[in-house]
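Please take a moment to look over the sequence and the structure shown below.

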Amino acid sequence: MTKERLVVVGNGMAGCRAVSDLLKRDPDRYDITIFGAEPRVNYDRIMLSPVLAGEKTFDQIVINDEAWYRDNGITLHAGRKVEAIDAEAKILRAEGGLEVGYDKLILATGSDPVRLPLPGADLKGVVTFRDLDDVEAMMAAAAKPGARAVVIGGGLLGIEAAYGLARRGMAATVVHLMDVLMERQLDASAGFLLTQAMSERGVETVLGAQSEEILGENGQVTGLKLKDGRILPCDILVMAVGIRPNTALAKAAGLEVNRGVVVGDDLRTSDPSIYAVGECVEHRGQCYGLVAPIWEMCRTAAASLAGGEAAYEGSVLSTRLKVSGVDVFSAGKFAGGDGCEDIVFRDAGRGVYKRIVLEDGKVAGAVLFGDAADGGWYFDLMRQGAEVGDIRETLVFGQAMTEGLRGLDPSAAVAAMADDAEVCGCNGVCKGTITQAITDQGLNTLDLVKAHTKASASCGSCTPLVEKILKATLGDAFQVQTGPKPVCGCTSKGHDEVRKRIVAEGLKSMPAVMQALEWATPDGCPSCRPALNYYLLCAWPGEYRDDGQSRYINERVHANIQKDGTYSVVPRMWGGMTSASELRAIADVVEKFDIPSVKVTGGQRIDLLGVKKDDLPAVWADLNRAGMVSGHAYAKGLRTVKTCVGSDWCRFGTQDSTGLGIKLEKFMWGSWTPAKLKLAVSGCPRNCAEATCKDIGVICVDSGYEIHIGGAAGLHIQGTQLLTKVASEQEALWAICAITQMYREQGWYLERLYKWMARVGLETIKAEIEDPERRRALYDRFAFSQRFSRIDPWAERVAGRDSAEFNPLSRRMEFVPA
Amino acid sequence: MNALVKDPTVWIDVGAVTDVPRRGARRVPTPAGDIAIFRTGDGQVYALKDKCPHKGGPLSQGIVHGRSVACPLHNWSIDLATGEPVGADAGKGCTPVIPLRVEDGRLLLAQV
């Protein structure tokens with residue numbers, strides 16, 4: 001009996017895997033011929049990254065060497081291109097006029113890397129990352145000392161390419177269109193950690209960057225120009241922006257093709273004699289670029305070719321990044337979604353972030369960074385659809401911990417733990433050490449256990465377990481602890497600790513803080529985000545970029561939202577002074593924009609109420625033209641400096657209170673503070689500016705200036721207390737700025753100055769302000785911060801900043817009939 | 001889901017997913033009032049009527065956290081997927097969910 005003829009187009013991973021799966025099932029059924037476009041034997045394309053990084057050689061990644069083809073009687077046409085398939089006659093035509101007939105055909109044509117059609121894309125030195133030729137080109141470029149590489153694309157492949165190039169000694173930069181690396185696999189927290197880890201490995205990252213043009217000289221690439229004008233010089237440019245299924249041959253043969261070659265569950269194309277597997281395939285509307293689904297397809301195709309019944313029902317995907325020392329795993333709905341809940345675990349000491357997503361009591365996805373050892377386990381639980389309700393508490397700690405304790409109630413589980421079971425991974429403390437310390441030394445609080453054993457002293461993630469051990473060992477003698485009030489439900493840390501560590505550990509972004517302080521949520525909440533945003537802004541002036549999405553609406557749009565969703569606008573009137581031209585401009589704006597209410601405020605300025613959000617930039621533009629800037633009437637920051645007319649007009653005035661008020665306001669405007677900050681300057685003790693119920697008040701007297709702090713006249717009514725007295729205006733300004741800075745650095749977010757004063761004590765503040773050196777240092781820090789703050793937010797927005805904020809996304813539905 | 005229409009057949013392209021800032025929202029005006037489109041930190045998008053069930057506050061102006069938005073007027077937290085208040089105000093009314101589809105990175109809103 002003559003054998004059936006099987007021809008495989010594609011000598012890549014899928015084609016060869018399908019053949020070897022088939023040979024395992026039915027070695028003698030077919031005469032097999034394989035066509036490959038690359039002039040090589042079959043190799044593991046996934047392992048090109050380690051080859052590039054110099055961690056493996058090409059020989060180590062060959063899957064099937066020449067002997068395999070020979071031993072299995074396979075005819076290999078390597079480097080010979082297939083030109084056409086005549087599906088009706090069942091004949092395949094290849095380069096050089098070769099014709100081969102078939103009974104069954106497997107298309108495994110794979111995919112082509114996408115090349116961005118940028119100007120300069122055809123320059124020498126612009127490569128993709130797909131085959132060994134690309135890798136060789138990259139290695140050649142890296143051989144030049146001091147060479148630089150730019151990789152476009154911050155997906156899996158782009159990162160591996162950049163890492164490999166950096167390992168070869170190049171300065172590598174990844175340019176990514178999105179604001180998170182590997183955003184298809186990682187959430188923002190894990191993406192942040194990856195950016196950090198790459199930077200430690202010599203790969204810089206430029207996020208949110210659009211490429212505009214590839215620059216070159218004499219036909220050789222020299223750099224990449226971004227839309228924002230930045231130029232990144234490079235000697236090689238790698239495009240790793242995705243793949244496109246290679247379908248040309250299938251299409252020409254008349255097979256059904258969408259994005260990929262369409263196959264059914266048996267992996268047959270629209271022609272039942274032709275199968276397709278691998279990256280060229282589209283199955284149930286899905287194309288795959290990872291290896292696991294390709295293996296599953298090959299298994300099914302082989303079973304069908306061997307005459308059996310098999311069905312491929314699509315794959316659930318998981319991803320691992322192959323960068324040495326960077327353990328990353330992602331699967332399923334790693335970002336949550338409808339009806340999902342998150343379990344988040346962070347270990348700052350070890351740089352670990354884990355997020356397990358549950359849906360209906362089952363694992364729906366996971367993203368692991370820094371410790372991905374349990375990735376496979378979560379993936380199995382996810383694919384099995386296993387109920388995990390009973391292991392929820394320990395799930396995030398991984399398989400070993402969970403299986404050990406499964407089915408036991410928590411206290412029994414703790415009792416059942418072996419004495420040599422490790423409780424605190426950071427400090428290597430076992431259960432026995434803890435129980436012994438508790439009994440021998442009579443410890444009865446968590447802090448004491450921490451102090452004596454170091455258990456839970458580092459990352460704190462084992463705190464609940466240590467508490468349970470305490471409880472189990474002591475019974476009723478255990479005392480529950482009361483520490484400082486946490487910032488919010490996302491953390492156990494108090495404001496002071498958060499602020500201290502931001503400065504001490506040089507934490508300069510919100511993800512950095514959340515990771516270092518082990519936030520229990522992926523991206524915080526409306527309580528902690530504005531607080532962290534302020535703390536970062538205060539700690540790193542000029543460096544930290546304000547995060548609008550972490551600001552309450554009023555501070556985001558620089559106006560006050562009203563009950564009907566309109567806004568109120570309050571222009572600054574320095575020291576409460578105004579002029580005919582300012583008033584005229586205000587009157588014109590009111591008429592032009594049909595603003596319904598105009599009100600004089602208690603802070604000596606004018607409030608325009610009922611402005612539509614879309615009108616805000618235009619209203620500000622008109623006010624700006626008359627020389628007015630934002631009054632920050634919406635800010636947790638400096639609001640007004642109220643004054644009386646002082647020695648200018650008043651027969652009792654002792655000093656120029658208006659002049660001092662204006663000086664203070666002009667120096668201090670735009671500064672952000674923990675809560676709103678109101679000042680006033682009265683020209684004499686009659687106190688017409690009501691300075692003694694302000695956060696900071698100045699009472700002018702004949703011999704100088706009394707500075708009072710800690711007043712309140714809102715929810716609470718409280719007079720100020722005298723802080724100090726100075727002789728000159730200059731000293732008054734120094735002292736007031738120094739107090740403000742001290743409050744900025746120590747206050748908890750939303751804590752008014754009077755509450756901060758009550759917490760730290762007037763004497764502490766006094767000591768600081770009366771010491772000339774410390775006062776000077778505080779003043780200097782305030783003055784430095786003000787260099788970045790005295791910028792009118794209205795003018796910035798008139799000029800186009802955050803324009804999306806003030807425009808609807810689309811007007812296409814405005815006139816759609818209901 | 002508390003959808004306004006049972007079988008939306010007309011989908012209107014109102015922009016790209018990336019036009020909506022992460023942890024933010026954009027408005028789409030319609031004759032029946034604004035629709036708010038939200039994008040979470042993880043890049044998921046949701047659409048709700050831009051009106052808090054409490055006092056009608058514009059939810060699009062709130063702080064997006066996890067899969068909720070905090071209303072800018074009185075800080076009610078509204079679940080973006082269900083339109084229902086969560087936490088302390090759970091069970092007190094509901095904001096209509098607007099059917100939203102994403103295709104090739106474009107946002108398609110059901111005509112309501």
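In this predicted model, residues 24 or more positions apart account for 62% of those contacts in chain A that have a separation of 6 or more. Chain A has 818 residues, of which 53% count as buried, and its secondary structure comes to 29 helices and 40 strands. Taken along the principal axes, the box filled by the C-alpha atoms of chain A is roughly 120 × 75 × 65 Å.

**Packing around helix α24**

Two packed helices are described by the angle between their axes and by the distance between those axes. The table gives both values for two pairs that involve α24 of chain A, which spans residues 729-746.

| Pair in chain A | Angle between axes | Distance between axes |
|---|---|---|
| α24 (residues 729-746) and α26 (residues 762-770) | about 130 degrees | 10 Å |
| α24 and α27 (residues 772-786) | about 75 degrees | 8 Å |

The crossing in which α24(A) passes α26(A) is right-handed. On the α24(A) side the contact is made by A:A735, A:A738, A:I739 and A:M742, which meet A:T764, A:I765, A:E768 and A:I769 of α26(A). Sorted by class, the residues of this contact are six nonpolar, one polar and one charged.

The angle of about 75 degrees between α24(A) and α27(A) makes these two helices roughly perpendicular, since it lies within 65 to 115 degrees. Residues of α24(A) in this contact include A:W734, A:C737, A:Q741 and A:R744, while those of α27(A) include A:R775, A:Y779 and A:F782. The contact of α24(A) with α27(A) divides into eight nonpolar, three polar and four charged residues. A:A735, A:A738 and A:M742 of α24(A) meet residues in α26(A), and A:A735, A:A738 and A:M742 also meet residues in α27(A).

**Cysteines**

How many disulfides are there over all chains? The count comes to zero, where a disulfide would need two cysteine sulfur atoms within 2.5 Å. For A:C287, the closest cysteine sulfur is that of A:C280, and at 9.1 Å it is too far for a bond. A:C298 is likewise in no disulfide, the nearest cysteine sulfur being that of A:C16, 9.5 Å away. Is A:C298 buried or exposed? With a relative accessibility of 0%, A:C298 counts as buried, and A:C287 is also buried, with a relative accessible area of 15%.

Technical notes: Residues numbered from 1 in each chain as written. Chains lettered and ligands numbered in written order. Predicted model: local features only at pLDDT ≥ 70, side-chain atom pairs only at ≥ 80, totals over all residues. Heavy atoms only, no water. Axes fitted to C-alpha atoms, helices over the stretch in contact; angles between N-to-C directions. Helix = DSSP H or I, 4+ residues; strand = E, 2+ residues; numbered from the N terminus. Left-handed = near helix turned anticlockwise from the far one by under 90°. Contact = heavy atoms within 4.5 Å. Nonpolar A, V, L, I, M, F, W, Y, C, P; charged D, E, K, R; others polar. Buried < 20%, exposed > 50% of the residue type's maximum accessible area, 1.4 Å probe, protein only. Parallel < 35°, antiparallel > 145°, perpendicular 65-115°, else oblique.
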